[in-house]
Amino acid sequence: MAVAGISDSNIEAELKLSASAETVEALSRSASIARAARGRGVVKNLESTYYDTPDLRLLGRGIALRVRGDGERFIQTVKMESGSGGALARRGEWEAPVAGSRPDLAAIGDAEARELLGLILPGELRPVFTNRVRREVRLIDGPGDSGRDCAIEVAVDIGETRAGDATEPIAEIELELLGGSAEHVFDLALALHRIGHVRVEHRSKAERGYALSTAIAPRWRKARPVAFGPGTTIDEALARVLAACFRHWTANESAALDGRDPEGIHQMRVGLRRLRSALSVFGPLLPADALAWLELEANHVLGMLGRARDLDVFLDELLSPVVGEFPGEECLAALRRAAERERAAGYERAGAAIVSPRYTEFVLRFGGWLEGRRWRTGDTVGALDRPLAAYADELLEKRHRKTLGLGRRFETLTVERRHRVRIALKKLRYTSEFFESLHPGRRTGRYVKSLSRLQDGLGHLNDVAVARRLVEELANRSASPGDRATLQRAAGLLIGWYARGVVDTEPETVASWKAFRAAAPFWRR
């Protein structure tokens with residue numbers, strides 16, 4: 001799988017596993033590695049210094065420039081970060097020998113790499129951080145579980161990153177695919193995880209070094225579009241859609257764990273909801289046991305992340321406007337303090353789920369299942385090889401009609417019935433986004449836009465309903481009658497303010513429904 005704009009010959013595919021130094025050392029001696037290894041490992045002491053301009057232009061371009069010392073030998077490397085992130089990193093990489101520990105841009109012979117670096121003036125580059133590790137490298141090969149040959153380089157790194165006076169330990173196993181299918185990388189990682197708990201490390205050493213030296217929060221990422229041509233099969237579409245969902249949610253894991261930007265948790269949940277929607281789209285063609293397992297695990301993680309996201313929306317989007325309307329109101333300040341404590345607990349719960357053995361098992365099992373296309377079993381193989389277009393259009397039509405049916409006499413629907421419409425709209429929107437590339441044109445854009453506008457309006461109503469439940473929970477959980485009365489007063493102000501807002505926005509919500517109902521479905525010829 002190539003990174004956009006980079007030739008396949010310069011792509012590396014690797015999976016990093018992190019744990020304590022003791023666990024990493026023990027796993028490096030495990031039978032899962034030893035029985036498939038070619039000879040003894042090679043041990044090196046490496047010192048890698050990363051360089052950038054004072055304004056961190058290379059970081060801004062997604063570029064890492066390092067010089068690695070290995071004894072008397074120095075290698076300069078330019079790496080392009082994968083734009084999609086995700087569990088299995090695929091990065092552009094260019095190497096060249098240099099005379100010493102300082103970069104030598106003249107040694108970069110590849111025009112593609114020079115273009116990615118951009119203009120760097122003499123004397124601009126400076127060291128940002130340094131990694132010092134003891135690395136043991138072993139090569140393993142042989143048939144994987146599927147019977148197909150594979151070759152994987154296993155690099156065990158123990159050491160530290162240093163940026164000025166700040167340090168951070170490094171203890172990881174890096175699995176780089178040299179030949180064969182990437183499914184075997186996930187299979188080996190899963191075998192190691194079942195011996196001693198590891199975590200998939202989504203950030204490169206460069207990203208972690210920049211985070212240590214600059215205190216920059218991990219980046220969050222939105223979903224990237226998936227494009228299909230007229231000859232795409234259902235099987236190919238299934239692989240691409242599931243891979244896009246996998247990349248989206250795992251690429252946001254580090255930002256979700258960091259917690260400084262609420263978009264991390266939000267985008268991770270969006271990626272998992274997109275996965276759940278994809279499973280409903282292709283579910284009839286998937287093995288029943290795999291479908292049940294994937295739905296169970298996706299729902300489990302979503303549930304563990306949900307509380308943190310609900311409190312983010314409540315504090316940042318719902319409570320703040322009311323506080324602005326009633327400045328100095330102590331009951332609202334008390335409500336904010338109680339909600340912030342609850343949000344902190346929600347983030348602790350989310351973080352515990354992300355670092356749990358169950359979550360790592362989910363990521364690694366799904367990665368191997370996805371890379372090996374292990375859904376191609378049983379009686380559905382013939383159906384999977386059919387063209388996608390007819391299947392996609394039929395599904396879109398079915399979901400469109402269901403949504404219209406649920407929204408009949410929209411103006412009179414109860415809150416509960418409108419919630420059902422919102423869920424149907426969400427499924428229809430994800431399905432439309434999956435397949436809109438089959439029907440490019442203005443009509444597609446107009447339909448998706450009308451769908452999005454209506455979903456946003458109904459989503460706000462749902463947020464208000466969640467806020468009502470949250471403030472009632474916080475008030476009822478208060479230790480003293482005085483605190484309970486204070487929070488109940490705040491709840492009354494909040495709910496009353498939004499109840500008025502719902503009435504005010506009702507004409508706009510109804511108009512959005514009518515616009516959606518009138519939009520021409522883009523898949524109809």
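Select Arg-429 to begin: with a relative accessibility of 21%, this residue counts as partly exposed, a word used between the limits for buried (under 20% relative accessible area) and exposed (over 50%), with a 1.4 Å probe and protein chains only. The model is predicted, so local features need pLDDT of at least 70 and side-chain atom pairs count only at pLDDT 80 or more, while totals for chains, interfaces and linings use all residues. Residues are numbered from 1 along each chain as its sequence is written, and side-chain values use heavy atoms, with hydrogens and water left out.

Because Glu-433 and Arg-429 are four residues apart in helix H15 (residues 415-435), about one helical turn separates them; helices (H or I, at least four residues) are DSSP runs, numbered from the N terminus.

Next, select Asp-235 and Arg-373, whose side chains meet in a salt bridge at 2.8 Å, N to O. This pair links distant parts of the chain, 138 residues apart, with Asp-235 in helix H7 (residues 234-251) and Arg-373 in the loop between helix H12 (357-371) and helix H13 (381-384). Asp-235 is buried, at 5% relative accessible area, whereas Arg-373 is partly exposed, at 28%.

Move on to Glu-342, which is buried at 16% relative accessibility and forms a salt bridge with Arg-477, with 2.9 Å between the closest N and O atoms.

Finally, select the network of salt bridges that includes Glu-14, Lys-16 and Arg-135; the whole structure holds 44 salt bridges.

Technical notes
Salt bridge = Lys/Arg side-chain N within 4 Å of Asp/Glu carboxyl O. Helix = DSSP H or I, 4+ residues; strand = E, 2+ residues; numbered from the N terminus.
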